[in-house]
Amino acid sequence: MGQGFVSRGFHGRRQQQQSTLTNRIPPGQYLERGFPVLSAGPTPHTPLAAWDFTIEGAVNQPKRWTWEEFRALPHEDITVDIHCVTKWSKLDTRWEGVSIDALLQQVAPTTEARYVIAFSDGGYTTNLPLDEMRGGQAWVVYAYEGQPLAPEHGGPARLLVPHLYFWKSAKWVRGLQLVEQDEPGFWETLGYNNHGDPWKEERYQGD
Amino acid sequence: MATREETPRAKSITLAVPNWRGHRAGQHVDIRLTAEDGYQAERSYSIASPPVEAPHITLTVERLDDGEVSPYLVDELRVGDKLELRGPIGGYFVWEANSGGPLLLVAGGSGIVPLMAMIRQRAAVGSNAPTRLLYSSRTFEEIIYREELEQLVTNSGSTGLEVKHTLTRAQPVGWTGYHRRIDGEMLREVAWPLEERPLSFICGPTPFVETAAASLVGLGYEPARIKTERFGPTGESGASGASGASAVPGGHDGE
């Protein structure tokens with residue numbers, strides 16, 4: 001949207017301006033205390049015994065982990081702010097999971113790998129630049145606020161890439177495909193931005 | 001701009017949008033309000049009007065008492081005011097006449113809004129896709145578009161629009177519809193036979209959509225032909241509420 005004009009009679013709640021949190025809320029976002037759920041279809045329920053996580057494509061050693069193997073990987077506690085393209089932001093969310101750095105170390109990406117396609121139960125995909133998933137910027141998480149991740153929030157495991165709008169943090173994630181050429185995913189082919197940086201307000205195509 | 005009271009809490013707002021590039025039934029717009037000191041608030045609202053009414057669009061907004069934008073739109077906005085909007089947005093939760101059918105539409109509260117755009121478009125273009133709407137409201141007075149839906153059913157004759165209501169909180173004397181929250185049994189009674197490969201759209205509050213979608217999957221519906229939009233559980237979250245609008249990419253999107 002452009003610069004905007006004054007909306008007669010609008011004052012707003014200004015909850016964000018009253019706090020010292022202003023610099024943590026990206027433009028066009030508001031502070032949310034609940035945890036809204038938005039999904040394009042039914043919530044998948046994959047039994048843990050049937051769950052696995054795969055990294056394939058432009059890697060030297062493709063790998064697949066069962067649930068038990070995945071849970072045995074070194075994990076981290078992560079506290080981050082998250083930003084949904086539908087305008088809400090939630091601060092200091094606490095997660096537990098495995099860093100993408102640790103996973104990539106085991107599969108050894110090729111020197112040509114540039115992008116990642118995350119794929120999920122239900123057919124959802126999202127694309128991310130490989131460089132933006134390294135260096136402590138992305139995780140596969142399986143716990144939220146100390147509890148196993150609920151199915152409606154993406155459990156048993158979801159991607160967590162907090163510096164991008166939250167649709168990039170694919171729910172029900174089952175693997176990553178590393179590729180040399182970028183391939184827009186589900187929302188990225190349906191009008192949403194290919195990159196999704198909330199601080200640049202990259203919400204939709206053309207932003 | 002014109003407005004119309006739909007229920008005690010919901011108002012329809014019709015806007016003439018310059019350079020509107022058209023929309024598809026089910027899409028939403030982003031509305032941005034700006035205060036005199038530059039403070040801004042943005043929310044998403046579903047479009048209730050059918051694409052054939054372009055360049056006019058109608059939003060139906062439900063006032064959320066703890067909301068920031070919806071009380072302004074419902075109580076303060078007047079004819080002649082300008083609104084800053086962007087859209088249409090959303091390319092998945094959409095129905096077009098060539099989407100096929102039969103259609104199963106399941107609405108909870110203001111979740112009716114994007115589904116109404118589909119029902120209106122279906123009527124406007126003369127689609128004969130058999131369509132059933134299951135619509136859950138708290139009370140009779142809170143049924144949005146009640147009379148228009150009755151009229152559309154009458155007009156559709158035998159070419160198939162059926163509407164079933166459920167009232168979860170209170171029912172008028174003589175009420176013959178459902179009177180409980182939506183559940184698997186209710187959906188089984190309303191749903192189309194599997195072999196007809198129905199296409200389903202579900203819109204409402206999160207627990208409502210979870211129940212409806214899981215029930216349809218349990219009946220054997222193909223998950224890929226069940227499209228959902230959920231409102232967040234709190235405030236105006238997610239598109240919400242607001243108008244029902246939900247907006248969103250819903251997507252698995254990560255919330």
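Reader: Where in chain B is Arg180(B) found?

Author: Arg180(B) sits in the loop that links strand β9 (161-167) to helix α4 (184-190) of chain B, where helices (H or I, at least four residues) and strands (E, at least two) are DSSP runs, numbered from the N terminus. This is a predicted model, in which local features need pLDDT of at least 70 and side-chain atom pairs count only at pLDDT 80 or more, while totals for chains, interfaces and linings use all residues. Residues are numbered from 1 along each chain as its sequence is written, and chains are lettered from A and ligands numbered from 1 in the order in which they are written.

Because 11 other C-beta atoms lie within 10 Å of its own, Arg180(B) is exposed; a residue counts as exposed at 12 or fewer such atoms, as buried at 20 or more, and as partly exposed in between, with C-beta atoms placed from the backbone. Once its neighbours within four places in sequence are left aside, Arg180(B) is in contact with Thr166(B) and Thr168(B), contact being defined as C-beta atoms, placed from the backbone, within 7 Å of each other. Arg169(B) is eleven residues from Arg180(B) in sequence, and the C-alpha atoms of the two lie 7.7 Å apart in space.

Taken along the principal axes, the C-alpha atoms of chain B fill a box of roughly 55 × 40 × 35 Å, and 55% of the 255 residues count as buried. Among the contacts of chain B between residues at least 6 apart in sequence, 71% join residues at least 24 apart.

The domain assignment divides chain B into domain 1 (2-89) and domain 2 (97-233), with bounds that come from an automatic or database domain assignment. The centres of these two domains of chain B, taken over C-alpha atoms, are separated by 23 Å, and 15 residues of domain 1 are in contact with 15 residues of domain 2.

α2(B) has 13 residues and reaches 18 Å from its first C-alpha to its last, close to the 18 Å expected at 1.5 Å a residue, the expected span being 1.5 Å times one less than the number of residues. Whereas Arg180(B) is exposed, eleven of the 13 residues of α2(B) are buried, among them Ile112(B), Leu115(B) and Arg120(B). After α2(B) comes Gly126(B), whose phi is positive, near 70 degrees.

There is also an open sheet of three strands in chain B, with the order β1-β2-β5 and antiparallel pairing, where two strands pair if DSSP finds at least two bridges between them. Its edge strands, β1 (2-5) and β5 (56-62), each pair on one side only. Four bridges join β1(B) to the antiparallel strand β2 (residues 10-16) of chain B, and Lys11(B) in β2(B) is the bridge partner of Glu5(B).

Key
Contact = placed C-beta atoms within 7 Å.
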